[in-house]
Amino acid sequence: MMRTLIRKVYEEGRYMTYRSLLCALLVVGGLVVTGVTRSDAAESPAQLKAACEKGTAKACRALGALYRDGTGVDQDDDHAVALFRRACDKGFYGGCSSLGWMYQHGRGVDPDDKQAVALYRKACDAREFTACGNLGEMYYGGSGVDEDVDQAVALYQKACDGGVLWSCIELAAMYKTGTGVPQDIPKVVQLHQKACDGGWSQGCNDLGAMYANGDGVEKDASRAYAFYRQAVALYRKACTGGEAMECFNLGNMYALGKGVTRDQFTAVDFYQKACEGGRPSGCWNAASAYHTGNGRPYDEGEALKYVRKACELKDLESCEVYKQIKKGK
C-alpha cells in the first residue's frame, strides 16, 4: 500500500534550483540572507538586550534575528519586528533590510511587498548589500514592483560586488540563460568561482556539475571532483554548525558519490539529521530509505514515522500521504 503512496520522494542527488534553495535559506538561514553575521549573533540575548536598551541599533537588529529564528530565546516574530524597526529608525540600515524581509514574508506583520521594496531600497542605497540582492529578487519576480530584469541584473551585480555570494549565483543563472544580459558562460564560471572561493557551497557544487557534464565548459572529471570535494567540505561544516539544508545536501552528495565515496547508509544519516533540523526533504528521503530498504533495513513503520515528521513540519503533500495511509487507502 505505502509503495503506491510515497510518490513525492526527493530523488537521490536531486539538487534544488538556486531559487528554491534561496527560499529555503531565507527561512532557515536568515543569518546569511538578512545580513546578520555570525559574529553579530554570537553575543548572548542578555548582552544584546542590554546594548539595545542603551541605544546600540546594531544590537537591536541582532537581537531581533534571535527572536525571529528562536535562537536562545522563544521564537517571537512580533518582538523581532519591533526590534528591527527600532534598529532601522535609529539609522542602522541592516535593521531596515531585516524589517523588509519580515514584510516580504508576512512574519510578524501583514505581507506587504511594496513596503518590503521600500525598505530594501532604503537599505541598498545605504550600501547594505544583502538588501540589494533581495531587492533584485523582487524586481526579477515583479513582487511589489514592475518586473524588470535589467534592474534585477544591476542589483544582483551590486550585491555580488559587495560580497553577497548568493547574489553572485543568481547573477550567474542570468548569464547562463541570457536573461537580461548576453549569454556568457565564462562569466558564469567566474561568478561561481567567486562564490565557491568565498565559502558558498552552491558555487562549488554548480562548478562541479558544469565540469562533470561539459555544460558550456570542457568536460573534466578531475576538476569536477575537486569542486565537488570543496562543496562537500562546506556542506559538512555548515551541517555540523546546525544548518539542516546543508545536511540534506551532504546526504545527496553521499547518495550520488559526488566528491565522496558513494555510501547510501551515510546519506541517510544526513537525511535524518536534516529531518531533525526541520527539513521535510530530509524526512522524505529517510522515509524512502526505510520504504525501499536502500540505506536502511526495510521497515514500513519507520518509513511512516518519517512521513509523519514531514507532515509535522507542515509539508502539505506529506500530510495528505500520511492521511491516506492511515485511512488504509
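In the predicted model, Gln 75 is in contact with Tyr 67, Arg 68, Asp 69, Gly 70 and Arg 107, when residues up to four places away in sequence are not counted. Gln 75 belongs to the loop that runs between α5 (57-69) and α6 (77-89). Because its relative accessibility is 42%, Gln 75 is classed as partly exposed. The side chain of Gln 75 forms a polar contact of 2.5 Å with the side chain of Asp 77. Between the C-alpha atoms of Gln 75 and Gly 64, the distance in space is 10.0 Å, and the two residues are eleven apart in sequence.

Helix α10 comprises 13 residues (149-161). From first to last C-alpha α10 reaches 18 Å, close to the 18 Å expected at 1.5 Å a residue. At the start of the helix, the backbone nitrogen of Asp 150 lies within 3.1 Å of a side-chain oxygen of Asp 148. Buried positions in α10 are Ala 152, Val 153, Leu 155, Tyr 156, Ala 159 and Cys 160. Just after α10, Gly 163 adopts a positive phi of about 95°.

In soluble globular proteins, nonpolar side chains tend to be buried together. The largest nonpolar core of the model contains 85 residues, of which Tyr 120, Leu 191 and Tyr 211 touch the most other members. With residues up to four places away in sequence left out, the contacts of Tyr 211 are Val 189, Val 217, Glu 218, Lys 219, Asp 220, Arg 223, Ala 224 and Phe 227. Another core, of 14 residues, lies apart from the largest one and includes Trp 284, Ala 286, Leu 304 and Ile 325.

Methods. Residues are numbered from 1 along each chain as its sequence is written. This is a predicted model: local features need pLDDT of at least 70, side-chain atom pairs count only at pLDDT 80 or more; totals for chains, interfaces and linings use all residues. Side-chain values use heavy atoms; hydrogens and water are left out. Helices (H or I, at least four residues) and strands (E, at least two) are DSSP runs, numbered from the N terminus. The expected span of a helix is 1.5 Å times one less than its number of residues. Buried means under 20% relative accessible area, exposed over 50%, partly exposed in between (1.4 Å probe, protein chains only). A polar contact is a pair of N or O atoms within 3.5 Å; within protein, one must be able to donate a hydrogen and the other to accept it, and residues adjacent in sequence count only if both atoms are side-chain atoms. Contact means heavy atoms within 4.5 Å. A nonpolar core is a set of buried Ala, Val, Leu, Ile, Met, Phe, Trp, Tyr and Cys residues joined through side-chain atoms within 4.5 Å.
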